[in-house]
Amino acid sequence: MDGREREEGISLSEICRRIGKKFWWIAGISVVFALGMTLVVALLINPRITSYSLEFLISYPASETAKYPDGTPFSYREMISLSALQGIKESSESFSSVNVQKMAEEDDISVEAETRTVDGSVQETGNYTVTVSGAYFSNRSQATNFLRAIARAPIDLVREKAGSLNYLLDGEVFASASFTDRLALLCEQKQTLLDQYDEWISLFRENYTVGGKTLKNYRAEVAVLYSEAVQQRFAAELEQYGYVSEESLEATIIDLKAERRLNESKIEQIRALIEAYYGTGAVYSAAARASEETPETGGTTGTNVIVDAGEKNLFVMLAELEMRNIEIDDALSMLTEENVLAFGERIHAEYEQLKAAADTMSSVATAIYEQESSVVFSTSRAAKTGDLSPVLVCAASLILAFFVGSAIVVGRGGRGAEEEAGRGEEPPRPQDAQ
């Protein structure tokens with residue numbers, strides 16, 4: 001009867017009885033196996049297959065132009081260049097274990113830009129997503145901090161470049177220029193400042209406040225500097241007296257005196273020609289001859305009639321040379337070292353006022369970029385993808401280990417019962433066999 005039961009199989013109650021006898025042994029082995037598999041997945045497998053990603057928005061004044069404040073181009077791909085990653089690593093001791101060299105060489109980090117189409121052209125929206133392999137980080141927190149540092153790097157660079165902006169004309173260049181060029185440079189300097197304030201006003205409106213003052217008032221302070229009246233006065237004075245720099249003063253005086261002597265020689269020759277044609281006393285200034293008109297005909301008086309263009313040119317040339325000598329005399333009287341220094345100092349005073357305005361603009365630029373430059377993250381933590389859930393791995397391992405352990409126990413229990421049954425039967429005696 002027992003043999004037939006063993007041949008037909010083991011009953012469910014027998015299976016349960018055998019598992020029950022070894023339950024705690026099976027449970028212990030299953031727990032150990034499940035914990036081991038969980039640790040293997042968490043420490044060895046997941047880091048190799050896990051990726052971390054972080055989405056963020058970069059915004060700063062005129063960021064849509066894809067340029068930094070100093071005009072250099074902004075490329076979002078530079079955020080994950082080896083030099084940029086090396087800078088991130090050196091920025092914090094917590095990143096010292098991150099192998100950025102391998103990360104860059106193996107292309108285990110990438111960045112994508114969100115774009116939109118405007119009037120047929122593709123533009124970046126300022127939204128970017130950086131994705132990196134989890135193999136380089138000990139945990140999610142370290143990966144999040146690393147990705148956040150990557151996102152903040154462009155804003156830090158924007159503020160750095162904004163703080164180093166210099167809107168002032170170089171002082172040495174200005175001082176080495178001629179007076180004519182200095183006046184032109186002052187006009188350009190003023191216009192540069194006005195244009196920059198106009199650009200900011202178009203972005204933020206004229207009532208935008210920086211340091212307790214509106215952009216409108218900052219612009220007004222520049223607008224009253226080096227006014228048109230001052231510009232015209234400088235230009236007229238320069239044209240009248242021909243001021244030159246101290247270095248060129250002596251040479252200019254020599255040239256003017258030489259020109260005057262040449263003019264005197266020409267004047268004498270022209271007078272000689274006129275007297276040869278009309279006799280002594282026929283020489284008059286052009287202004288005097290032009291005023292001598294007869295009431296009847298409106299022409300010039302009898303003895304001073306000028307007939308052809310050649311004769312007229314002699315008087316015009318004489319008048320021009322005489323006027324030029326008067327101008328030279330005025331210039332020579334004003335071209336003194338004292339007057340030149342005074343004129344230069346007045347121009348330099350205008351430069352100093354524009355310099356102060358340029359320094360103020362640099363401070364305004366720094367404040368604007370500090371206030372308006374930011375990085376906004378879509379999530380507080382980096383998104384984690386591609387990993388296996390430790391909880392599921394632990395549960396699956398526990399169930400699998402329990403079933404395998406139970407099967408082993410049941411199998412071994414069956415073999416043990418057969419062996420015991422075999423030992424319990426006595427072998428047939430010879431006489432019984434007969």
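Analyst: The core and its surroundings

Of the contacts in the chain with a separation of 6 or more, 76% are between residues 24 or more positions apart; contact here means heavy atoms within 4.5 Å. The model is a predicted one, in which local features need pLDDT of at least 70 and side-chain atom pairs count only at pLDDT 80 or more, while totals for chains, interfaces and linings use all residues. Residues are numbered from 1 along each chain as its sequence is written, and side-chain values use heavy atoms, with hydrogens and water left out.

The chain contains 16 helices and seven strands. These elements are DSSP runs numbered from the N terminus, helices being H or I over at least four residues and strands being E over at least two. Of the 434 residues, 32% are buried. Buried stands for under 20% relative accessible area and exposed for over 50%, with partly exposed in between, using a 1.4 Å probe and protein chains only. The accessible surface of the chain is about 26,300 Å², and carbon and sulfur atoms hold 53% of that surface; the areas come from the Shrake-Rupley method with a 1.4 Å probe, and for residues only the protein chains shown count as cover.

In soluble globular proteins, nonpolar side chains tend to be buried together. In this model the largest nonpolar core has 42 residues, and Trp200 and Leu215 have the most contacts inside it. A nonpolar core is a set of buried Ala, Val, Leu, Ile, Met, Phe, Trp, Tyr and Cys residues joined through side-chain atoms within 4.5 Å. Two or more residues of this core come from each of helix 8 (179-204), helix 9 (215-223), helix 10 (228-241), helix 13 (309-334) and helix 14 (337-372). Helix 14 gives the largest share, eleven residues.

With neighbours within four places in sequence set aside, tryptophan 200 touches Tyr167, Arg205, Leu215, Met361, Val364, Ala365 and Ile368. A further core, of 36 residues, lies apart from the largest one and includes Tyr60, Leu85, Ala151 and Val158.

Two packed helices are described by the angle between their axes and the distance between the axes. For helix 8 and helix 10 the angle is about 170° and the axes are 11 Å apart. The axes are lines fitted to C-alpha atoms, for helices over the stretch in contact, and the angles run from 0 to 180 degrees between N-to-C directions. The two helices are therefore roughly antiparallel, a term for angles over 145 degrees. From helix 8, Phe179, Thr180, Leu183 and Cys187 meet Gln231, Phe234, Ala235 and Leu238 of helix 10.

In helix 14, which supplies the largest share of the core, lies lysine 355. Lysine 355 is partly exposed because its relative accessibility is 31%, and it is 9.2 Å from glycine 171, C-alpha to C-alpha, across 184 residues of sequence.

Arginine 205, one of the contacts of tryptophan 200, is located in the loop between helix 8 and strand 4 (209-210). Arginine 205 is exposed, with a relative accessible area of 66%, and has a positive phi of about 80° although it is not a glycine. Aspartate 107 likewise has a positive phi, near 55°, in a residue other than glycine. Aspartate 107 sits in the loop between helix 5 (100-105) and strand 2 (109-118) and is exposed at 64% relative accessible area.

Glutamate 124 is part of strand 3 (residues 121-133) and is partly exposed, at 33% relative accessibility. Beyond neighbours within four places in sequence, glutamate 124 is in contact with Tyr76, Ala113, Glu114 and Thr115.

Key. Angles under 35 degrees count as roughly parallel, over 145 as roughly antiparallel, 65 to 115 as roughly perpendicular and the rest as oblique.
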